[in-house]
Amino acid sequence: MEKLTNQRCVPCEGGIPPMTREEAEEYLSQVPSWRIVEDEGILKLNKTFKFNNFRESWQFFDKIAELAESEGHHPDISVHYNRVIVTLFTYAIKGLFLNDFIMAAKIEEILKEL
């Protein structure tokens, strides 16, 4: 399996099935600190990142936003005083796709750089 951070997100227009939980768990080994959650029957990736203050949280959000624009894949992000909650899934297929795992891996790289 190719390293996720070496890959780029590709447009997903729909028409394909989302990953099964079993397929998603195979990719989860490359982003083990993320969780697979089910929300109204849709599998999603989720992680809460903790920081010292709002400024750090906001800086992390800004970096994720830049990444999302460059990859063309946009997560749901909730910014709080000292934490950022990121949820990834592919809207077009209402579930998980390779792009979600690529983004999770690249978000982990951002965290290492802070």
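Colleague: Which residues does Leu-98 touch, not counting residues up to four places away in sequence?

Modeller: In this predicted model, Leu-98 touches Leu-4, Gln-7, Met-19 and Tyr-27, once residues up to four places away in sequence are set aside.

Colleague: Where is Leu-98 placed?

Modeller: Leu-98 is in helix 3, which covers residues 98-113.

Colleague: And is Leu-98 buried, exposed or partly exposed?

Modeller: Leu-98 is partly exposed, because its relative accessible area is 23% and buried would mean under 20%.

Colleague: What separates the C-alpha atoms of Leu-98 and Cys-12?

Modeller: A distance of 9.7 Å separates those two C-alpha atoms, although Leu-98 and Cys-12 are 86 residues apart along the chain.

Colleague: Let's move to Asn-99. Is Asn-99 buried or exposed?

Modeller: Asn-99, which also lies in helix 3, counts as buried at 3% relative accessibility.

Colleague: What is Asn-99 in contact with, leaving aside neighbours within four places in sequence?

Modeller: Asn-99 is in contact with Arg-8, Cys-9, Val-10 and His-73.

Colleague: Now Glu-71. Which helix is Glu-71 in?

Modeller: Glu-71 lies in helix 2, residues 54-71. Glu-71 is buried, with a relative accessible area of 7%.

Colleague: Which backbone atom lies 2.8 Å from a polar atom of the Glu-71 side chain?

Modeller: That is the backbone nitrogen of Cys-9. Cys-9 is also among the contacts of Glu-71 beyond four places in sequence, along with Arg-8, Met-103 and Lys-106.

Colleague: Which residues of helix 2 and helix 3 meet?

Modeller: From helix 2 they are Phe-60, Lys-63, Ile-64, Leu-67, Ala-68 and Glu-71. From helix 3 they are Met-103, Lys-106, Ile-107, Ile-110 and Leu-111.

Colleague: How do the axes of helix 2 and helix 3 cross?

Modeller: The two axes come within 10 Å and cross at roughly 140 degrees. Helix 2 and helix 3 are therefore oblique to each other, since an angle has to be over 145 to count as roughly antiparallel. The crossing of these two helices is right-handed.

Colleague: Next, the largest nonpolar core. How many residues does it have, and which touch the most other members?

Modeller: The largest nonpolar core has 29 residues. Trp-34, Leu-45, Leu-96, Phe-101 and Ile-107 touch the most other members.

Colleague: Which elements give two or more residues to this core?

Modeller: They are helix 1 (21-28), strand 2 (42-50), helix 2, strand 4 (83-88) and helix 3.

Colleague: Which one gives the largest share?

Modeller: Helix 3 does, with 7 residues.

Colleague: Back to Ile-107. What is Ile-107 in contact with, apart from neighbours within four places in sequence?

Modeller: Ile-107 is in contact with Trp-34, Phe-49, Phe-60, Ile-64, Leu-67, Val-86 and Leu-88.

Colleague: Last topic, the backbone. What is the phi of Glu-40?

Modeller: Glu-40 has a positive phi of about 55 degrees, although it is not a glycine. Most residues other than glycine have a negative phi.

Colleague: Where does Glu-40 lie, and is Glu-40 buried or exposed?

Modeller: Glu-40 lies in the loop between strand 1 (35-39) and strand 2. At 78% relative accessibility, Glu-40 counts as exposed.

Colleague: What about the phi of Lys-94?

Modeller: Lys-94 is not a glycine either, and has a positive phi of about 55 degrees. Lys-94 is in the loop between strand 4 and helix 3, and counts as exposed at 57% relative accessibility.

Conventions. Residues are numbered from 1 along each chain as its sequence is written. This is a predicted model: local features need pLDDT of at least 70, side-chain atom pairs count only at pLDDT 80 or more; totals for chains, interfaces and linings use all residues. Side-chain values use heavy atoms; hydrogens and water are left out. Helices (H or I, at least four residues) and strands (E, at least two) are DSSP runs, numbered from the N terminus. Buried means under 20% relative accessible area, exposed over 50%, partly exposed in between (1.4 Å probe, protein chains only). A polar contact is a pair of N or O atoms within 3.5 Å; within protein, one must be able to donate a hydrogen and the other to accept it, and residues adjacent in sequence count only if both atoms are side-chain atoms. Contact means heavy atoms within 4.5 Å. A nonpolar core is a set of buried Ala, Val, Leu, Ile, Met, Phe, Trp, Tyr and Cys residues joined through side-chain atoms within 4.5 Å. Axes are lines fitted to C-alpha atoms, for helices over the stretch in contact, and angles run from 0 to 180 degrees between N-to-C directions. Angles under 35 degrees count as roughly parallel, over 145 as roughly antiparallel, 65 to 115 as roughly perpendicular and the rest as oblique. A crossing is left-handed if the near helix is turned anticlockwise from the far one by less than a right angle, and right-handed if clockwise.
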